[in-house]
Structure formats: C-alpha cells, structure tokens
Amino acid sequence: MLVKVEAVQPTLSGSVAVRVNSAVGAIVALWQGALETVGREHYVEWTVDEDIAWTVNAWPSASGVPELREDGDPIIFRGQLHLSGNGGVVLDVGGSLILFDVADLPLPEGVDGSWVEVRAARDCVTVWPFEV
C-alpha cells in the first residue's frame, strides 16, 4: 500500500509513531523505517500483533468499502477476509494484505470472502517500508 508518512512522535516504549495517510484512511501506527524517511511516500507492509477473536475484536461489516480509521486508541481495519488454510486469515484492506492469527477456531461459516472490521490496539500495529 502506498502511504504518506508524517508526524514523528516518540512513544513511551522508545518506538516511533507516525501518521500514515493512505487512500483508505489515516491512522497513527508504529514506524519501522529510518527517521530520515519520514515526510515521504512509501510502500508499506502492515504487521498487527493481535489475534482475531470473532465478536470480540472482529465482526461482519455492512460496508464493502476498505477503510483504516481510529476509534480512540484502537485502530479499525475494514476489508475482505480470506482464510489462509493454516489456521490464520488474510485481510485485504484496499489491496494491502494483512496476516492475522485466529484466537478461536473455527470462524463462523461463510466468513471467507466476507467484509469485516477488525479492531487492534494502536501499539500492536506496525508499518514497515519497502522498495518496489
């Protein structure tokens, strides 16, 4: 996903948080790139260190439009969910694929290919720049 990275903020843990602006929304997340690259556009990969727990932090979405947004501290990812076959899932958020582990299997029938929202704590969401 191509994003604009701005607004460096140190966190209590010593990490760096940045505002990530994308075509599907803007959020603040942890940054794993060089500080001198902030303020530019980057292709990024997302890491979310939080398992999907159905009806706890993941649920069906009435909207079929990808979105990233903040809801206070938590970050909401809306996208199309696909079962990966190894006990995990992939969430397609505007063409960016985010891998998740699942806390409690099995997921409900019919969830494969459906639109869902996943809520994750801000300190569990990291963006990693890469070259195309």
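L2 stands opposite Y43 in β4. This is a predicted model, in which local features need pLDDT of at least 70 and side-chain atom pairs count only at pLDDT 80 or more, while totals for chains, interfaces and linings use all residues. Residues are numbered from 1 along each chain as its sequence is written, and side-chain values use heavy atoms, with hydrogens and water left out. Strands here are DSSP runs (E, at least two residues), numbered from the N terminus.

**Strand pairing**

- Two strands count as paired if DSSP finds at least two bridges between them.
- β1 (2-10) and strand β4 (residues 41-48) run antiparallel and are joined by 3 bridges.
- β1 also runs antiparallel to β2, with 5 bridges between the two; P10 has V16 in β2 as its bridge partner.
- The hairpin formed by β1 and β2 has 5 residues between the strands, and G14 in this turn has a positive phi of about 95°.
- Strand β2 (residues 16-22) pairs with β3 in the antiparallel sense over 7 bridges.
- The hairpin from β2 to β3 passes through 2 residues, and S22 has G25 in β3 as its bridge partner.
- β3 and β11 run parallel and are joined by 2 bridges; the bridge partner of W31 in β11 is V127.

**Burial and the nonpolar core**

- Buried means under 20% relative accessible area, exposed means over 50%, and partly exposed lies in between (1.4 Å probe, protein chains only).
- Strand β3 (residues 25-31) is mostly covered, with 5 of its 7 residues buried.
- A nonpolar core is a set of buried Ala, Val, Leu, Ile, Met, Phe, Trp, Tyr and Cys residues joined through side-chain atoms within 4.5 Å.
- The largest nonpolar core has 33 residues, of which W46, F77 and V125 touch the most other members.
- Contact means heavy atoms within 4.5 Å.
- Beyond its neighbours within four places in sequence, V125 is in contact with I27, A29, L30, W46, T47, V48, I75, F77 and A120.
- T126 is found in strand β11 and is buried, because its relative accessible area is 7%.
- Residues up to four places away in sequence aside, T126 touches L30, Q32, E45, W46 and T47.

**Largest pocket**

- A pocket is defined on a 1 Å grid over the protein atoms alone, as an open set of points where a 1.4 Å probe fits, with protein on both sides within 12 Å along at least five of seven lines; lining residues have an atom within 4 Å of a point.
- The largest pocket holds about 160 Å³ of space, where volume is the space filled by probe spheres set on the grid points, which are joined across faces, edges and corners.
- Its lining consists of Q9, P10, T11, L12, S13, S15, A17, V28, L30, D73, R122 and D123.
- β1 and β3 each supply at least two residues of this lining.

**R122**

- R122 lies in the loop between β10 (115-120) and β11 (125-130).
- Setting aside neighbours within four places in sequence, R122 is in contact with V28, L30, E70, G72, D73 and I75.
- Of these, V28, L30 and D73 are also named, with R122, in the lining of the largest pocket.
- The side chain of R122 reaches the backbone oxygen of D73 at 3.5 Å.
- G39 is 83 residues from R122 along the chain, and their C-alpha atoms are separated by 20 Å.

**Two further loop residues**

- S61 is placed in the loop between β5 (58-60) and β6 (67-70), and S61 counts as buried because its relative accessible area is 16%.
- A polar contact is a pair of N or O atoms within 3.5 Å; within protein, one must be able to donate a hydrogen and the other to accept it, and residues adjacent in sequence count only if both atoms are side-chain atoms.
- The side chains of S61 and R78 are joined by a polar contact of 3.4 Å, and a polar atom of the S61 side chain lies 3.1 Å from the backbone oxygen of S63.
- Neighbours within four places in sequence aside, S61 is in contact with R78, W115, V116 and E117.
- G113 is found in the loop between β9 (96-101) and β10, and G113 counts as partly exposed because its relative accessibility is 28%.
- Leaving out neighbours within four places in sequence, G113 is in contact with Q80, L81 and H82.

Note on methods: Helix = DSSP H or I, 4+ residues; strand = E, 2+ residues; numbered from the N terminus.
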